[in-house]
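Let's take a friendly walk through this structure, stopping at a few local details along the way. Have the viewer open and follow along.

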Amino acid sequence: MIDGGRLRERMEALDISQAELARRVGVKQPSIFKILAGTVRSSAHLEAIARELKTSAAYLTGRTDDPQAGAYVPPTAGEIAEQLGLVQVEEIDLALGMGATYLEAHDGHVEKAMQWLPASWVRQFTDAPASFLTVVRPVGDSMYPTINDRDLVLIDRSQRRVDRQDAIWAMSFGGLGTIKRVRAMPDGTFKLMADNPHVREEVAVDGELFIMGRVAGVFRRT
């Protein structure tokens, strides 16, 4: 026998209306109303009702006074990701150029989203915490064939100092965003090199170059 008072209590605790509960369970709203009013004391959908209300059929029928005993608790996104071997990384809609493009959108706003990536892929390239990782989809062909237009590029923002000669870095140069290989020169300048042999090298002097992070990995666009 379903206790209408307990049903109402769980609905109020979760701020779920009769219509919403009915929709989730797959019944008509009057079916929920009749249980609440006590005119109907049983339902073939009892287990589904309990699941949506994060409790158990035993609680709704008075067999236990603990609403959490035997309750179905859906796994969190983090728990599911751990089971699937995924890590959450920020993706920004920042058209870094493999040439060079403006670093910010025209209105100064950068769109951000969170993406789930295979942890095994990420950890091939860096052990940095996910909070220091960003993925972008750069445009252009100056880094071809290493990076193709709109490939998914993993940037490790925990590395902001050029300490690896000829590594690939995401940077701001002259107010423009770009991705290039960087070589620190004895005179204190930095040589910015493209992998595409048809793109000329550039030289940055101290103060012109702002390193966003090292390009740690590339996920090919298919």
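## A charge, some rings and a strand

The charged end of R6 sits over the ring of Y59, at 4.4 Å from the ring centre. Please keep in mind that this is a predicted model.

| Ring pair | Distance of centres | Angle of planes | Arrangement |
|---|---|---|---|
| W121 and F125 | 5.3 Å | 75 degrees | edge-to-face |
| W121 and F219 | 5.2 Å | 85 degrees | edge-to-face |

Through these ring pairs, W121, F125 and F219 are linked into a cluster. W121 belongs to helix α7 (residues 119–122) and F219 to strand β10, so their pair ties together parts that are 98 residues apart in sequence.

L152 is part of β5, and β5 pairs with strand β10 (residues 209–219) in the antiparallel sense over 5 bridges. Strand β4 (residues 133–136) also runs antiparallel to β5, joined to it by 4 bridges. One of the contacts between them can be picked out by name: T134 has I155 in β5 as its bridge partner.

Why can β5 be called largely enclosed by the rest of the structure? Of the 5 residues in this strand (residues 152–156), 5 are buried, which means under 20% relative accessible area. In a regular strand, side chains alternate between the two faces of the sheet. In β5, L152, L154 and D156 point one way, while V153 and I155 point the other way, and all are buried.

The loop between β4 and β5 deserves a stop of its own. P145 lies in this loop, and the peptide bond from Y144 to P145 is cis, with omega near 10 degrees. R150 is found in the loop between β4 and β5 as well. Its phi is near 70 degrees, a positive value in a residue other than glycine. At 29% relative accessibility, R150 counts as partly exposed.

Another positive phi, about 55 degrees, belongs to D15, which is not a glycine either. D15 is placed in the loop between α1 (4–13) and α2 (18–25). With 72% relative accessibility, D15 counts as exposed.

Definitions and conventions: Residues numbered from 1 in each chain as written. Predicted model: local features only at pLDDT ≥ 70, side-chain atom pairs only at ≥ 80, totals over all residues. Heavy atoms only, no water. Buried < 20%, exposed > 50% of the residue type's maximum accessible area, 1.4 Å probe, protein only. Helix = DSSP H or I, 4+ residues; strand = E, 2+ residues; numbered from the N terminus. Pairing = 2+ DSSP bridges. Phe/Tyr/Trp six-rings, centres within 6.5 Å; stacked < 30°, edge-to-face > 60°. Lys NZ or Arg CZ within 6 Å of the ring centre and 35° of its normal.
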